[in-house]
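Reader: I'd like to zoom in on just one part of this model and really get it. Could you take me through it slowly?

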Amino acid sequence: MRYEHPLQSPSNPSTPVHFTLYTMQSEDITIAGPILTRRDTSPGRYSDRTYDVEEKAGRDVRVEREPRGCDRPRHRFGNPGPLGLFAIATTIFIASCYFVGVRDIAVPNVAVSMGLAYGGFTLAVVGIQEWAGGNTLGATICSTYAGFWLSWAALNLPSLGIQAAFGNDMPQFHSALGIYLVAWSILTLLLTLATLRTSVGLVVVMVALDITYWLLAAGYLANSPSCTRAGGAFGLVTAAASAYTGLAGLLTRENSLFLLPVGDLSRCGA
């Protein structure tokens, strides 16, 4: 069923704007002036203002903005989520390998470079893209962990002298690191609560990441190598879950022969 409603352009009142609503069923749509409201979904954002469409009986509604007499603008953006999840997966995989003692590597310089470039800069860009797309949760998560990887890299850069400021007092440095990781543990717990109606895949990523932080914090505060290695092991779990969830978001019916389930939680508690 097709519905049409002429409106004035906010940027140019003399230019009418033509809205075409395509629906899969024939229920009526209520249009109150220039505002169309939609329930249970994020509003569609356009260059001038925001319009919504009210859904009845859960039908699928698509809204297109078409200025008459002009070519239809095509502002289509990709999904930056998989890139952010891949950045988290690869960076935490490398760091976790060091924590569990793979091949007795003790110098974290390679992980620092990943923290600066992929875990830091790339995640920050993804956060901006999520914000531009109206995804507050995605923008907050990606920007937050971009800050984590940049700060973690700064801790390990000799030129900044953060670790050198403690001199030979390594117990004090480890205590400071433990408090630093406790702060990230608490923040990750809060962010996890905000993901409970997204997908099972994302919830698993956040829960595993939070456990990783708590175990690493315990390892530094209690001077326990076992807790540190356990934190690295959970970091590898986080990396695997993040890579899987990112791949699931990347595979679509248009570009893949198969799809990966992530467990939709959007209807839970509704």
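What is the handedness of the crossing of helix 1 and helix 2, left-handed or right-handed?

Author: Helix 1 and helix 2 cross in a left-handed way, meaning that the near helix is turned anticlockwise from the far one by less than a right angle (clockwise would be right-handed). Quick housekeeping: this is a predicted model, where local features need pLDDT of at least 70, side-chain atom pairs count only at pLDDT 80 or more, and totals for chains, interfaces and linings use all residues. Residues are numbered from 1 along each chain as its sequence is written, and side-chain values use heavy atoms, leaving out hydrogens and water.

The chain has six helices and five strands (DSSP runs numbered from the N terminus, helices being H or I of at least four residues and strands E of at least two). From the N terminus, the order is β-β-β-β-β-α-α-α-α-α-α. Helix 1 covers residues 81–99 and helix 2 covers residues 109–132. An unreviewed UniProt entry puts "transmembrane region" features at several places, among them 82–101, 107–128 and 135–155; such annotations may be inferred rather than shown by experiment. Residues 107–128 are 91% helix and 0% strand, with 32 Å between the end C-alpha atoms.

Now the packing. Residues in contact (heavy atoms within 4.5 Å) include Gly84, Ala87 and Tyr98 from helix 1, and Met114, Tyr118 and Glu130 from helix 2. By class, that contact has 13 nonpolar, seven polar and one charged residues (Ala, Val, Leu, Ile, Met, Phe, Trp, Tyr, Cys and Pro count as nonpolar, Asp, Glu, Lys and Arg as charged, and the others, Gly among them, as polar).

Next, look at the loop joining the two helices. Asp104 sits there, and because its relative accessibility is 72%, Asp104 counts as exposed (over 50%; buried is under 20%, partly exposed in between, with a 1.4 Å probe and protein chains only). Asp104 also has a positive phi of about 55°, although it isn't a glycine. Most residues other than glycine have a negative phi. Val107 is in this loop too, and at 55% relative accessibility Val107 counts as exposed. Val107 and Asn156 are 49 residues apart in sequence, but 9.5 Å apart from C-alpha to C-alpha.

Helix 2 has another partner as well. Helix 2 and helix 3 (residues 136–155) have axes that come within 7 Å and cross at roughly 160°. That makes helix 2 roughly antiparallel to helix 3. The crossing of helix 2 with helix 3 is left-handed. Residues of this contact divide into 15 nonpolar, six polar and one charged. Gly115 and Glu130 of helix 2 are among those meeting helix 3, and both are also listed in the contact with helix 1.

Key: Axes fitted to C-alpha atoms, helices over the stretch in contact; angles between N-to-C directions. Parallel < 35°, antiparallel > 145°, perpendicular 65-115°, else oblique.
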